[in-house]
Amino acid sequence: MGTYVVTGATRGIGLAVAELLHERGHDLVLAGRNAEALAELEKRLPGSSSLVVDLRAPEGIEPAVAGLGPLPSLDGLVHSAGAIELGEIAKTPYQVWQDLLAVNLVAVAELTRVLLPALRAARGHVVFVNSGSGLRAKPEWGAYAASKHGLRALADALREEEHANGIRVTSVYLGRVATEMQRKIHEYEGSEFDPSKYIEPRTVALAVLAALETPRDAEVTEVTVRPGV
Ligand SMILES: NC(=O)c1ccc[n+]([C@@H]2O[C@H](COP(=O)([O-])OP(=O)(O)OC[C@H]3O[C@@H](n4cnc5c(N)ncnc54)[C@H](OP(=O)(O)O)[C@@H]3O)[C@@H](O)[C@H]2O)c1
């Protein structure tokens, strides 16, 4: 069985991915900013440990990973943590840009960089949970879309750079998923949130696992998952 780091493990899609990896028998490093929530989750998912770091401050990542102790090899890294703020660019202060780019892009690059030696050792797999906003930018979604466009570029460059080291890279472009993030989007849009209309986090987790479990003669580079009918 392998070892996987999952960010955003405290809820939503990251939690569903962590649960599914645990069911498959893997060891987990659960990354999040809420130490108490992570400690509770560790009890529910025996064999896991916590990486406590607030991704708005990417400079904290390297010391936090060092605090885990030796991590000689890592089979996979699933970047699911993400933040969203919506609004016209004319009304978006720079601090919102800073925070969204930090959480959705800069911290993702930094955590990947810090874990690359362990990923190379295992010929591991990096999954970036992206969005339709990583492919198209709509009005009022500018800052979030910019961060997710950047995430796409990060994934594409990493794939090319690390191919020779045996690392596989997958971007997952999601439509609307029934999580707290989607509830927040509905609040902004002024519409009622009906989770039954959207993808369940566990269904996204199954798509992520399908990419991770694809035999090594192939690499699932991109997956688009949209609400079904
Ligand atoms: N839901 C959708 O419709 C949708 C659609 C397309 C793409 N996505 C993407 O899917 C990913 C997962 O989103 P979700 O829907 O599962 O959202 P969610 O339920 O809001 O969960 C977000 C996760 O990110 C963590 N996080 C946020 N800010 C953080 C920070 N500063 N430091 C550390 N962790 C932080 C949260 O931790 P806390 O528990 O501590 O807040 C939580 O675990 C995101 O990358 C999102 O952009 C979602």
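Before counting what each element gives, I noted that helices (H or I, at least four residues) and strands (E, at least two) are DSSP runs, numbered from the N terminus. I also noted that this is a predicted model.

I looked up the largest pocket and found a volume of about 1,200 Å³; 48 residues line it, and the closest to its centre are Ala 81, Gly 82, Ala 83, Ile 84 and Met 181. I then asked which element gives the most to this lining. It is H4, with six residues, while the elements that each supply at least two residues also include helix H1 (12-23), strand S2 (27-32) and strand S5 (125-131). Sorted by class, the lining has 18 nonpolar, 17 polar and 13 charged residues.

Entry on the ligand. I found that the ligand sits in the largest pocket, and that H1, S5, H5 and H6 are the elements that give two or more residues to the shell around the ligand. The ligand is surrounded by 27 residues, of which the closest are Arg 11, Arg 33, Tyr 144, Thr 179 and Gln 182. By class I listed 10 nonpolar, 10 polar and seven charged residues in this shell.

Entry on contacts. For Arg 11, I found a polar side-chain atom 2.6 Å from an oxygen atom of the ligand, and for Arg 33 a side-chain N or O atom 2.7 Å from a ligand oxygen atom. Ile 13 instead places a polar backbone atom 2.8 Å from an oxygen atom of the ligand. Lastly, I noted that the ligand taken alone exposes 890 Å², and that the protein buries 94% of that.

Terms used. Residues are numbered from 1 along each chain as its sequence is written. This is a predicted model: local features need pLDDT of at least 70, side-chain atom pairs count only at pLDDT 80 or more; totals for chains, interfaces and linings use all residues. Side-chain values use heavy atoms; hydrogens and water are left out. On a 1 Å grid over the protein atoms alone, a cavity is a set of points where a 1.4 Å probe fits but cannot get out, and a pocket is an open set with protein on both sides within 12 Å along at least five of seven lines; lining residues have an atom within 4 Å of a point. Grid points are joined across faces, edges and corners, and a volume is the space filled by probe spheres set on the points. Ala, Val, Leu, Ile, Met, Phe, Trp, Tyr, Cys and Pro count as nonpolar, Asp, Glu, Lys and Arg as charged, and the others, Gly among them, as polar. A residue is near a molecule or strand if one of its heavy atoms lies within 4 Å of it. A polar contact is a pair of N or O atoms within 3.5 Å; within protein, one must be able to donate a hydrogen and the other to accept it, and residues adjacent in sequence count only if both atoms are side-chain atoms. Accessible areas come from the Shrake-Rupley method with a 1.4 Å probe; for residues, only the protein chains shown count as cover. A molecule sits in a cavity or pocket if more than half of its atoms lie within 2 Å of its grid points.
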